[in-house]
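This report goes through one protein model, from selected residues to the overall fold. The sequence and structure come next.

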Amino acid sequence: MMWQPVSGCGDHCRDGADVRASRGFATLRIVTLAAVLLGGFLLAPILRGNALRTLARTMLAVLGIRLVRQGPTLRPGSLVVANHVSWLDILVLLAVSPVRLVAKGEVGAWPGIGVLAGLSGAIFIDRSRPKALPRTVAEVTAALKAGRSVAAFPEGTTFCGANQGRFRPALFQAAIDANAPVVPASIRYDTTAAAFIGDDTLFDSVRRVAALRSLTVTLVTAPALRPAVDADRRTLARAVQSSLGPSGYRLAA
């Protein structure tokens, strides 16, 4: 059985009202992005910490994306849980703080993004094997106990940003077991064109983002919640999602 949450978002969610860059400029962005990725591959053995954050920030900048950061600074050993809109979310989280990502196994095979995720020490979920989930939770728990921050997308799939999915509770058990703070985070884009939804391929999405004249993404972190030892992961998941509020999923102005 395949465990894969389903999003109702698709091409109909995009309003198509974005101002586009010239075709030549969009092509230049894609070529430059490829060059940055190539350089990243060559430097992969030494890309850690600040260098990895610099690479993620450079990739965002090359695509004409402005990153705005709001909220408390992330503390080491935190479980960061965010809504999921796009593959760009991975770059956003890596650009602001050293985190290990929890991602679906398919991400590991994506050009560029998969390498970045791997360099972060990503914990990949095999969604074709639901029985392997407890092992994933144990790996997240161990990372948190070791003082590493871990970032996850508990909706389990991407939504357009205006709509949202339910935070699934499994990974919240890791925070309970590790007695680690949970940091709610919302990722907001000022355009629906950023959403990775429907029948998108990675290249289609990159090309669509590169064609925008500009794009702003805002990462907002709420104060951390520290679960009690006897906390229930389902209750914790609901509390964390509620702490973001409806505005946590609206498009940035």
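Where is the place of Arg-208? Arg-208 sits in helix H7.

## Basis of the report

The model is predicted, so local features need pLDDT of at least 70 and side-chain atom pairs count only at pLDDT 80 or more, while totals for chains, interfaces and linings use all residues. Residues are numbered from 1 along each chain as its sequence is written, and side-chain values use heavy atoms, with hydrogens and water left out.

Helix H7, which holds Arg-208, covers residues 202-210; helices (H or I, at least four residues) and strands (E, at least two) are DSSP runs, numbered from the N terminus. Apart from neighbours within four places in sequence, Arg-208 is in contact with Arg-14, Ala-193, Ala-195 and Asp-200, where contact means heavy atoms within 4.5 Å.

Ala-21 lies in the segment before H1. Ala-21 counts as buried because its relative accessibility is 16%. Between Ala-21 and Val-209 there are 10.0 Å from C-alpha to C-alpha, with the two residues 188 apart in sequence. Not counting residues up to four places away in sequence, Ala-21 touches Arg-29, Ala-211, Leu-212 and Arg-213.

## Arg-69 in strand E1

Arg-69 belongs to strand E1, which is made of residues 65-70. With a relative accessible area of 31%, Arg-69 is partly exposed. The C-alpha atoms of Arg-69 and Thr-218 are separated by 5.9 Å, although these residues are 149 apart along the chain. Leaving out residues up to four places away in sequence, Arg-69 touches Leu-74, Val-96, Leu-219 and Thr-221.

## Two asparagines in loops

Asn-83 is in the loop between strand E2 (79-82) and H3. The relative accessibility of Asn-83 is 1%, so Asn-83 counts as buried. Asn-83 and Gly-108 are 25 residues apart in sequence and 20 Å apart in space, C-alpha to C-alpha.

Asn-179 occupies the loop between helix H6 (172-178) and strand E6 (182-189). Asn-179 counts as partly exposed because its relative accessibility is 40%. Most residues other than glycine have a negative phi. Asn-179 is not a glycine, yet has a positive phi of about 50°.

## The second largest pocket

The second largest pocket holds about 220 Å³ of space. On a 1 Å grid over the protein atoms alone, a cavity is a set of points where a 1.4 Å probe fits but cannot get out, whereas a pocket is an open set with protein on both sides within 12 Å along at least five of seven lines; lining residues have an atom within 4 Å of a point. Grid points are joined across faces, edges and corners, and a volume is the space filled by probe spheres set on the points.

Which helix gives the most to the lining of this pocket? H1 does, with four residues. Helix H1 (23-42) and helix H7 each supply at least two lining residues. The lining includes Ile-30, Leu-33, Met-59, Trp-87, Leu-202 and Phe-203. By class, 11 lining residues are nonpolar, one is polar and none is charged (Ala, Val, Leu, Ile, Met, Phe, Trp, Tyr, Cys and Pro count as nonpolar, Asp, Glu, Lys and Arg as charged, and the others, Gly among them, as polar).

## Nonpolar cores

The largest nonpolar core has 56 residues, and those with the most contacts inside it are Met-59, Trp-87, Leu-88, Leu-91, Leu-101 and Tyr-189. Helix H3 (residues 88-96) gives the most to this core, with seven residues. A second, separate core of 24 residues includes Val-137, Phe-167, Ile-176 and Leu-244. A nonpolar core is a set of buried Ala, Val, Leu, Ile, Met, Phe, Trp, Tyr and Cys residues joined through side-chain atoms within 4.5 Å.

## Overall fold

The protein has eight helices and seven strands. Its C-alpha trace spans about 55 × 40 × 40 Å along the principal axes. Buried residues make up 54% of the 253 residues. Of the contacts between residues at least 6 apart in sequence, 80% join residues at least 24 apart.

Definitions and conventions. Buried < 20%, exposed > 50% of the residue type's maximum accessible area, 1.4 Å probe, protein only.
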